[in-house]
Structure formats: structure tokens, C-alpha cells
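Hi,

Here's the structure I said I'd pass on.

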Amino acid sequence: MNGSRPDVVARPTPHGWLVIDKEGGMTSAAVVARVRRLIGVKKVGHGGTLDPMAEGILPIAIGEATKTVSYVMDADKAYRFTVRWGEGRDTDDAEGRVTATSPVRPDRAEIEAALPAFQGEIMQVPPHFSAIKVDGRRAYDLARRDEMPTLAARPIRVERLSLVDAPDPDHGCFEVECGKGTYVRALARDLAVALGTVGHVTALRRLRVGAFDSATALTLNALESRIVEGDLDRSVLSVAAALSRMPAVELDAGQAQRLKNGQMVPLIRRPAGVRDEEPFCTQFAGRPVALARLAGGEIRPIRVFNF
């Protein structure tokens, strides 16, 4: 974009979510830093790391929305990715070093026959190049020193895994819907092994994080343009957008004020969909008041929103 870039925007702090369509080559932390500079606020976070090579949906929390980041990070996600058969890499993606090769190339029928084993509750060993901690150190730090860590398999859930294209013998294109903690790179690695070959991810795009998808996403350049035009507000989704799949309980004015003061509210009638000790959103006049839980017959605040 030509011209000077805005460094600080003289405006009230917005509270809510931006859905950024991250481009490849940027870290998630770099996206957060740029949004922080463009908008001019300190409290900014993201709802789930994307590898630098990856593109797609990166929800960005601003202001009080940062109190809901953990719930977005726990949400289910959807990806589209491409696997290169016959070549294994230490990072399980195109940025790593080649560690193994194979002449085996699975055909469409073989690939589709292998997919059911990778759906439902399965065990997965994270990639060596991951943020998992081993004796207090990140696995990727050890791997970069050629100290390949031993990582334990972890349970994950894959709701759907489908082959969407097989453009040539060397590549397969897939879509996956999965739960928290799933590594698409490891999924590609293990699928290749199950097919009698090796493989790695050459392209990865996140399509959805919980309720956030491409319908409201914009690039960083588009965000900058809207800020320059004084049109940021229409890009910021409400704090409640991150909680749309969480039960909501409407309060009266007195109850809302008690929760805002950190006090408990006696429960008169159990709200539909709310279970003991599980978080839900309380609101007054349709506006979030606090994240709360039920315990001992009372609504107890977990995180209070200060708008």
C-alpha cells in the first residue's frame, strides 16, 4: 500500500474480534504485533497459532475479548491441505530437510480406503518441530539442535477427513475438521506411512476456527485500508462472537451488577443447556457481563468484562 502507515489510531479502544486471513510467510506473533500497532492498543492476542507456512483464518482478540482467547483456542477447526507423497521431511512440511524418500505413490482408491482409520478418537504423536515442552524446553528448540525429542502420543479427535483432489501421482489434497491439539502435519505424515510411503505437507490453509470463518475475514492490508478510511468498526466482531457456541444466560440489572462486582448470584432456576462447573456466558440486554459457572446453587463469575 502506498503512503504512510498509521502507527497509532486516536480512538477509543475497541473490544472484540478481528478475523484475519493470514498470508504465508508470517508468524502468528507477527500478525498480532502488526494489529497492535495499527489499532494502537496493548491488549491483543490470537485464537490459535498458525505455522509461518500456513495461510488462512487467524482470529485476533482485542481489548476485553482477550479474556475469551482460551475458549477459541479450544474450539474445533477446519483445514485444507496438500500432501506430497514419496518425500518425508523433518518438519513434516515443505520448510524442512528431506529425511526419507519412497517410490510408492498411492492411488485414489488406496487413499480413500485408508481415511476411516484417521477419523474419530485417535492417538497422534506431535511433530518434532512443535511447541510441545520436553523437560521444560520446546520440542522445536531441541529439534533445531538435532536433538530430536521423544514425544508421547496424545488423544485427538478428527470429525471428518476427506480426499478432495488427486491432481497427480505425487500429490493429494484433503480437508479435515478436527478438535484441539491436532497437528495437520502429523496427520499427513501418519497417513503417508499407513499408505506404505512417506510424505509431507506442501500447502496448508485454515478454513475455520470455531464460529470464525472466511465470511468475515480480511487481510492485514485490507484492515489497514479500513483504518485509514475510519471504518474499523465494521470489521470488529463482538466479544460474544467467540462465545456463540456457549450457553448464554440473561440477567437482570441487579444480577449483572453483582457479577461485575465479583459477587455470586443465587440461582433461582437452572438455565437450559447449563451444567455444573461448565463455563457459560452471562449477559444483560444482550451484552456480555461475565463468563461464569454454576456451583453450590450459585452463579459464580470466572472472568468479568469491563467495557
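Predicted model: local features only at pLDDT ≥ 70, side-chain atom pairs only at ≥ 80, totals over all residues.

Residues are numbered from 1 along each chain as its sequence is written, and side-chain values use heavy atoms, with hydrogens and water left out.

The largest pocket holds about 1,000 Å³ of space. Its lining has 33 residues, and Thr49, Asp51, Ala131, Tyr183 and Arg185 are the closest to its centre. (A pocket is an open set of points on a 1 Å grid over the protein atoms alone, where a 1.4 Å probe fits, with protein on both sides within 12 Å along at least five of seven lines; lining residues have an atom within 4 Å of a point. The volume is the space filled by probe spheres set on the points, which are joined across faces, edges and corners.) By class, that lining splits into 13 nonpolar, ten polar and ten charged residues. (Ala, Val, Leu, Ile, Met, Phe, Trp, Tyr, Cys and Pro count as nonpolar, Asp, Glu, Lys and Arg as charged, and the others, Gly among them, as polar.)

The second largest pocket has about 250 Å³. Tyr71, Val72, Ala75, Ala242 and Arg245 sit closest to its centre, out of 15 lining residues. Ten of the lining residues are nonpolar, two polar and three charged.

Now for Glu175: is it buried or exposed? Glu175 is buried, at 17% relative accessible area (buried means under 20%, with a 1.4 Å probe and protein chains only).

Cheers

Note on methods
Buried < 20%, exposed > 50% of the residue type's maximum accessible area, 1.4 Å probe, protein only.
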